[in-house]
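Please look at the sequence and the structure first.

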Amino acid sequence: MATAIREFDPKDMAQHPDSYFRREYVWELPVRISHWVNAACLIVLFLTGIYISHPILAPSGEAYKNFVMGRVRQIHFISAMVFMVSFLVRVYWFWMGNNYSRSGFPFVWRPSWWRDLFRQATDYLKLERGHVHLGHNSLGGLVYTLFVVALGWAQMFTGFALYSETNPSGFFGRVFGWVLPFLGGSFQARMWHHTFAWGFVVFAILHVYVILYDSTQYGNGLITSIISGYKFYKRGDLKHDRWVS
Amino acid sequence: MTTRVVVDPVTRIEGHLRIEAMLDDRNVIHDAISSGTMWRGLEVILQGRDPRDAWAFAERICGVCTTVHALASVRSVENALGIQVPPNADIIRNIMFLTQMVQDHVIHFYHLHALDWVDVVSALKADPAATAALAQKVSPSWPYASTGYFRDIAGTLKKFADSGQLGIFQNAYWGHPAYKLPAEANLMAVAHYLEALKWQKEIVKIHTIFGGKNPHPNYIVGGMASAISMQGDNAINMERLNYVRGLIQDATNIVENLYIPDLLAVASFYPEWTQIGGGLGSYMVYGDIPQNGIGDPSRFRFPRGVVLHKNLSEVLPLDLADSGQITEEVAHSWYEYPEGKKALHPWDGVTQARYNGPKPPYKQLDENGGYSWLKSPRWKGNAVEVGPLARMLVGYASGNTEFKDVVGEALGALKLPATALFSTLGRTAARGLETRLAVRWLMQEYEHLITNLKAGDSATADTSRWDPSTWPAEAKGFGFTEAPRGALGHWLHIKDQKIANYQIVVPSTWNASPKDGQGQRGAYEAALLDTPMADPKRPVEILRTIHSFDPCLACASHVLGPDGRKLSEVIIR
Amino acid sequence: MENPPLRPSTYQVLEQHGVDRRSFIKFCTAMAAALGLDATMVPQIVEALENKPRIPVIWLHGLECTCCSESFIRSSHPIAQDIILNMISLDYDDTLQAAAGFQVEDIRKRIMKEYPGEYLLAVEGNAPTKDGGVYCTVGGETFLSILEETAEKAKAIIAWGSCASNGCVQAAKPNPTGAKPIHALLPHKTIINVPGCPPIAEVMTGVLTYILTFGQLPELDRIGRPKMFYGQRLHDKCYRRPFFDAGQFVEAWDDEGARKGWCLYKMGCRGPSTYNSCSTFKWNNGVSWPIGSGHGCIGCAENNFWDNGPFYQRLSGIPVPGIDSTPDEVGATLAGAAVIGVGAHFVSSVVRRFGQKPAQPTPDSGDKGRGDV
C-alpha cells in the first residue's frame, strides 16, 4: 500500500543489497504434495469423524437400501489410510529431503532453540518482522511437532486401534491393538481419538492465520511457497544449511 | 457363665454377615449382636452422576435381589421429576417385580434355607419306594414322584458321598439332633433342591425378555426400554408374550405343586419353631404393585402400613416423606453423626464412616461399642421387622381377603393358631404364602397387559422429561418397593441435573441393624433371643432364625456422604 | 471314614450318566484331536480322565453383589447341578455352603493343605485396600489377607465378573474403599479375567469346563480375558448392525425406531466398545440380551465402565481428570479461544499498520523492494 513499485535499478541493488528479496527453492515436491494431501485428509477425517459420533441423517426405508453410516465410516477409513501414507512419506522425506524438510525440529535441549522460540513469539506479539527462517522457525516447528506430528501419531495409533476392533486378530489388531488396554479400554480410546481431533481444528485456525500474517508482514511468499516451493528472503534471514535454528 | 458363639461367615446368604450370640449356662441365647462386615460405599459413588444412570449403580448393590434397587431408583428419579410412567410400564415392572419375588423366594427356600431343616446325609438311608409314596401323598400333582426317579437321585447322592469330596455339603451339621425329618422326607427335599435349581434359571427369562438379561436387567427412567410392537418381529410381540405366559404357568406349577407342599411338609415336623424366633413383633410395609400408578398407595396389591407389638387389629399409616417417621441412628454403627444428632431422616442424613472396631484379625466384637457397618433405621423410634412376614401380617390386618385366605388355609393345614406366625417358622411360611399370591398376581398382571394392548395402548415410556434441560434446578424424590426381603426405599436429591445426595434404606438394614441409642435390638438380634441351642459348636439353630429373614448384606451395608462430604479417616483401635 | 476316600473320576461320572466305554474312548480321541495331540496320546487322556478326582474349587466372595454366583447357577449347558455334583468339587462357597462359621474356614484351610497347587481359586468380588482392609472381613480376617493366602498355592485363578477383573462399581470414582481388581492384588499370578456384570452364565461354565476338559487355561488376550468369549465386540455381531450401517437409529425411547428395533447407538449403546459374547450367545439360554430388549449395552464387561457414563450419551466427560465436559464442548471452546486469539492479533496488527501509516515514507523499511524480484 505504502510502497510504490519502482523501476528496477541494478545500481541501487548493488548499493543496498539488504533491501532486495532473493528466491530460494525450499519445499520440495514430496513436501508440497504431502502438505496438501494431509490438509484434504484432515478436513475429510474431521467432518466424517464428527458425523460418526453424531449421525444426523435419518434415511427412510428398509435397512438394506441404505448405507449412510457405513459410507461415512468408509470415507473416514479411506481418508485415514491416505493420511497415513502421506504422513509416512513426509516422515521419510524428513530424512531424505533437503535441510528445510528437517527444519523446525524441536531441539529443546539447545539454548539457541529456546532463544529463537522466544524471539519469534515476541516478534509476533510486537508485530515486528525481525528475521525470517526460510525453513520453519522454532515456534512454527514446535506447533507442527505438537499439532501435526504428535497429534498425527496419536490419531493414527488410536484410530487404527479402533479400526482394528472389527478384526482384532488381523494386521491392525496385532500392530495397534495394545493401544486399547493401554488407554483403559475401547471407550476411552474412542474418547481420546475424538478429543484429539479437535486439536487439528485449533491448529488449522492458528496455521492459516499465521501463514496469512507471515506472508503479509514478512513478504516471504509463504502462501505460494507451498504451491511453487519457492520462498523469498533478504539478507539477515536464515537459510537452513543446518537443522538448528 | 456366658458362652459366646461366633458365626462368621454366615453362609447361604448374600454378602458378609457375622453373628455373635451369648449363651447362658443352659445354652439359651440371652444376647446377640448382628454385624455387617462389608461396606462398598455405593451412595458416595452415586454422587455427582446423572440421575438417569443411578438405577444401574443401585442395581449392583445386590445380584440376588437384582432389579429391586433399579426399580426403587427409577421411581425415586420419576418422583423427583414428576414423571408418570405409562400404565404398560407399570405392568411390565410389576411382572418383573413379581418374577423376582417368586424366583428369589423359591431359591431361598431350597438353596439357602432348606439345609437348615433337611439332613442331606440322612437322605442316603432313604428307601426310594417309600420316598415316592411320600412324595405322591405330599403333592399328588407333581409329576416326578416315581420310585425310579428317587432311586436315581439316591444313586447320584450316594456316588457323590462315596467320593469323599462332599463339596458344599462338607463339614456341615449333619446328624445334629435338631434335624427331625425322616430319611425319606430328606431325600425328597434333596430331589426338589435339584429340581428347583433347574427351574430357577427358567423363570428369570421373563426378566430377559423385558430387561435383556438376568441378573441385572435394564430399566429406564420414564418407563421401560422394551418397546411393544404387535405388528413387528423386533420388539415385544405375540411370541415374546406367549413366552412370558408359559413361564408364568410353569412358575405356578412349581410354587403350587413343589414349593408349598414341601414347605408345609417340612413345617409339620418342626412345630417347636413356631414358638422360637418371633423377635420384635412389629412390622412395617411400604407397599407395592401399583394398580393405579405408584402415587396411589390405596390401590397397591401389597398394602402399606405398620403393625406394632403384634396388634393385628390396627394398621398404622406410613409416610416415606415425613421426616418424623423413618430415621436412621448410628449408636452402634461404624459411622458418626455431628454433635447433638441422634436420628436423621434419609433426606437429611449425615454420615461419616468411622471404624472403631477391633483391628483384623479379631476374635470378637464389642457389643457395647460400634460393631457393624449397618445403621439402625427406626420407624417413629420403633424397631420394626420388614419382609414377607410383615407383608402377610399387614395384608392380613388390613382385612384383605386374598391375604386372609392363603394364611387361613395354611394355618388350617398345619392346625396352628394365627400367633404361630410370630416365629422363625412363621417367617419362612409367610414367604411361601406370599409366593402363592405372587404367582397368581403374575398371571393377573399379564392379563392386564393384554387387555391394555387390546385397547390399543402400547406405550412403554414417557420421554417428556428425558432431556435434563427440562428438569428443575433442584428436586427431591423418593422411590420404594417391596423387595423380596422387605421394604426398600431410595431417597434422592437432584441439583443442577446431577445427583447431590442419594440414600438407600434397605430391608436387611431394618432387620440386621445393630442396637439403637435406646438399646432396642434389631430384628435379627431380637429374634435370636431365648433360642435354645443343642450344640453351641454347631449353631444350626442360629442359622435357622437368621436364614428365615433371608439376609442380604451387600444391600444392607451402606453409607451416605451428603453434600460431597468426604469420609473421615478410619480409626483402628 | 474307614475306607480311603474314593473319588469318582470323569469316566465314572460319565458312566453313571449312561455313557458307555466305547463312547468314552471316542470322546477322548476327539479331545486329543482338538488339542492337536498325536493319536498315541489317547491312552494317556483316557487314563487321566478315568482316574483323576474332581478338582477342588475354592470360591471366595469379597466386595461384590453375588450376581456372578446367581448368573453361574443360571447356566443352561451345562447346568449348575452337573458342575457342582459331577465336574468340580465346590469345597468352599459362602453362597451355597451348607456349613457356616469356623467350619467353613476349616474347609478352606484343609483344601489348601491337602491340595497344594491342585485347587482352582475362583474369586467373585474384589478386596478393599484402604484402612487396612476393614471394609470387608470374613471370620474376623480381612478379605485381602484371605485372598492372598488362598491364592498362594492355587493351580489357577479365575476372576469372576467385573469386580474381580476390573474393579466394577465399588471401584468407580471416588472408590471410597480403595477396592482393587484381583490382578492388581496378585501381580505375579496368571489370572483368567471373566468380566461382565455379571458374566454370561454359559461363558462362566464354558471357561470352567474348558479348563477341566483340556487341562489347560484358555488362550488369553492382552488383558487376561479368554479370547474365545471376549475376542470381539458386541457391535460386530449385533443383529441390529444393518440399521447402524444404514444410519437408522432410535432417537427416543418407545419411538417408531424403537418399535422397529433400530440401532441404539444414539441412545448411548456401548456395543461398539464392549467385548463380550452377548450378541452371539445372548442371555439366559439365548432368550434375549440387552440390545435385543431395546436398551443399549452399558458396557458392563469393560474396564472402568461406570466412569464412562452418562450411559445414554455417546460421549462422556473427556478423559482428563478435573474436566467434566464432552470432547466436543472442550474442542469447540479451544477452537473458540484460538479464533479469539487470532482475531485479537489481527485487529492489533491492522491498528498498528494504520496507526503507522504517516511514518511509512522512510525508504529504509523492509517494504523496500517488495515485488521487485
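The count of disulfides over all chains is zero, where a disulfide is a pair of cysteine sulfur atoms within 2.5 Å. Such a link is a covalent bond between the sulfur atoms of two cysteines. Cys136(C) is in no disulfide, and the nearest cysteine sulfur, that of Cys163(C), is 11 Å away. Cys136(C) is buried, with a relative accessible area of 0%; buried means under 20% relative accessible area, exposed over 50%, and partly exposed in between, with a 1.4 Å probe and protein chains only. Cys197(C) is likewise in no disulfide, with the sulfur of Cys168(C) as the nearest cysteine sulfur at 3.9 Å. Cys197(C) is buried too, at a relative accessible area of 4%.

The model is predicted, so local features need pLDDT of at least 70 and side-chain atom pairs count only at pLDDT 80 or more, while totals for chains, interfaces and linings use all residues. Residues are numbered from 1 along each chain as its sequence is written, chains are lettered from A and ligands numbered from 1 in the order in which they are written, and side-chain values use heavy atoms, with hydrogens and water left out.

**Chain C and chain A**

How many residues of chain C are in contact with chain A? There are 55 of them, facing 64 residues of chain A; contact means heavy atoms within 4.5 Å. The size of an interface is often given as the accessible area lost when the parts come together. Chain C and chain A bury about 5,000 Å² between them, with 59% of it on carbon and sulfur atoms. Buried area is the accessible area (1.4 Å probe) that two parts lose on being put together, summed over both. Two salt bridges are counted between chain C and chain A, and 21 residue pairs are in polar contact across this interface, both residues at pLDDT 80 or more. A salt bridge is a side-chain nitrogen of Lys or Arg within 4 Å of a carboxyl oxygen of Asp or Glu. A polar contact is a pair of N or O atoms within 3.5 Å; within protein, one must be able to donate a hydrogen and the other to accept it, and residues adjacent in sequence count only if both atoms are side-chain atoms.

Salt bridges named in this report:

| Residues | N to O distance |
|---|---|
| Glu165(A) and Arg233(C) | 3.4 Å |
| Arg225(C) and Glu302(C) | 3.5 Å |
| Arg12(B) and Asp116(B) | 3.0 Å |

**Domains of chain C**

Chain C is assigned domain 1 (10-230) and domain 2 (233-349); domain bounds come from an automatic or database domain assignment. Their contact takes 21 residues from domain 1 of chain C and 16 residues from domain 2 of chain C. About 1,500 Å² is buried between these two domains, 58% of it on carbon and sulfur atoms. On the side of domain 1 of chain C, Asn166(C), Ile200(C) and Tyr230(C) lose the most area, together 32% of what that side buries. One salt bridge crosses this domain interface.

**Domains of chain B**

Chain B is divided into domain 1 (1-61 + 281-418 + 468-573) and domain 2 (116-186). Ten residues from domain 1 of chain B and nine residues from domain 2 of chain B make the contact. The area buried between them is about 920 Å², with carbon and sulfur atoms giving 57%. Arg538(B), Val540(B) and Arg544(B) lose the most area in domain 1 of chain B, together 68% of what that side buries.
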